[in-house]
Amino acid sequence: MTQRNTKRKDIKPASEARMLIKNGTIFTASDSFAADILIEDGKICQISRGIEPADRDKVINAQGLEIYPGGIDAHTHFALPFMGTISADDFETGTIAAACGGTTTVVDFVIPGKGQKLSEAVSAWHEKADGKAAVDYGFHLALVDVNKEVLADIPGIVKAGISSFKCFMAYKGALMIDDDQLLQVLRAAKEQSALVSVHAENGDMLAHLMKRFAGEKKTGPEYHPLAHPADAEGEAVHRAIVLAEMAKSPLHIVHMSCVEALREVQAARVSGQLVLAETCPQYLLLSDELYRKNGFEAAKWVMSPPLRHVSNHDRLWAGLRDGFIQSVSTDHCSFNFKGQKDMGKDDFLKIPNGIPAVGDRVNLLYTYGVRCGRISRNQFAAAISANAAKIFGLYPEKGTVAVGSDADLVIFDPGKTGEVSVKTSKHNVDYSAFEGFKLEGLPAFVISRGKVASEYNKFTGEKGYGRYLSRKRFDVHGWGFE
Ligand SMILES: [Zn+2]
């Protein structure tokens, strides 16, 4: 861990009582088996049948429960200044919602202001998170300027545990970089064995459409998806793949939303290129019909990329099942409907983009993935946790249930049912993007480094308990590539 945390005085002495989880069934990305788990000093120290508790051990009876590695949400935006406001969940409320929803690690995006020094932006993010986060966290870094100074800073940033960079091919005039710049980043990152993620939408196409709609006074939120066509995503994914091939660099596509993008990833993989992809629950479960109902309420789902036609859902689930999409994260970037989303009442271009989802992801994937028979329990463990850990340099400390790993666990009670609702949500916003979605099976216990962080949606953890995770470099060999 970093100095930042080892210096802090409020870290507890290591030897608290041990925890023993008895009689559960464990599911990792590769195995399913019944065993007890013994936890000491925040780490898993023994996994076997018939472990007997010592006097002071805290015992959790997991009879009939399913134990998975704690969720890793590798795509969050907490307390992000964006589009004239700041996202509503900060590192405290966001990680509490995460913990209650089965996620024990988040990786948030540091997004520097234009012209801001990278190290300054990273410090600003440490400040947002330190002493606030309830679960462990790491950072990605977005590169919104690309020049000599920025490129020269990359080795130091990677050394400090930020081993992945994000580039925007959209948001022209703000966050977007051009192809030449993206190539420079791909080459510089490859030299440091860092991974480049792209927000893949053709920013010029989007800007063209936005301008046209504005000229035609088409200002309602129903025009948001029309200004972000699926072809613009497919084109950008294709272009990013070609650029990565030229730079001989691996590539990661974030928040992939449609078949136009998926088939580019599939083609690249089939031709032997290392391209990885993430999707989000919203692209698997919600569709663009929401933009055409109830007038301005559509603003609740204004995000980029937008929700797509319902026909994409089955294709994305299949992409997840077949391994072309490795992980499901959220792109959690929450804004209140009243007071934030309504900044765009007269112009959809002013609606802050994003939805709340960090607390819903694991539950939705369990019900609509596992219980609906779309993915296996092992694929679920891979999608919510193991693959993100492998992609982002956290494995095997995170992402699995094994001796020596951090004791980060989500223990599902398959017999409990519920429903997603703003009433029970821990997100710091006035609506739920998945209101009314039925849930079959809920997290009974969520364990973060050996501490119970939540019990049946009740937060039992501690603000400030989360530690900064210095992440390892991207391992191409781990994916079978040279
Ligand atoms: Zn994002």
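The structure is a predicted model, in which local features need pLDDT of at least 70 and side-chain atom pairs count only at pLDDT 80 or more, while totals for chains, interfaces and linings use all residues. Residues are numbered from 1 along each chain as its sequence is written.

**Helices H5 and H7**

- Helix H5 (residues 179–191) and helix H7 (residues 230–246) pack at an angle of about 45°, with 9 Å between their axes (helices are DSSP runs of H or I with at least four residues, strands are runs of E with at least two, and both are numbered from the N terminus).
- H5 and H7 are therefore oblique to each other, a word for angles that are not under 35 degrees (roughly parallel), over 145 (roughly antiparallel) or 65 to 115 (roughly perpendicular).
- On the H5 side Asp-179, Leu-182, Leu-183 and Leu-186 meet Arg-239, Leu-243, Ala-244 and Met-246 of H7, where contact requires C-beta atoms, placed from the backbone, within 7 Å.
- The residues of this contact of H5 with H7 comprise six nonpolar, no polar and two charged.

**Strand S1 and its partners**

- Strand S1 (residues 19–27) runs parallel to strand S4 (residues 58–61), joined by four bridges (strands pair if DSSP finds at least two bridges between them), and Met-19 has Lys-58 in S4 as its bridge partner.
- With strand S2 (residues 32–40), S1 runs antiparallel over seven bridges, Gly-24 stands opposite Ala-35 in S2, and a hairpin of four residues joins S1 to S2.
- S1 also pairs with strand S5 (residues 66–69) in the parallel sense over two bridges, and here Ile-26 stands opposite Ile-67 in S5.

Terms used
Axes are lines fitted to C-alpha atoms, for helices over the stretch in contact, and angles run from 0 to 180 degrees between N-to-C directions. Two residues are in contact if their C-beta atoms, placed from the backbone, lie within 7 Å. Ala, Val, Leu, Ile, Met, Phe, Trp, Tyr, Cys and Pro count as nonpolar, Asp, Glu, Lys and Arg as charged, and the others, Gly among them, as polar.
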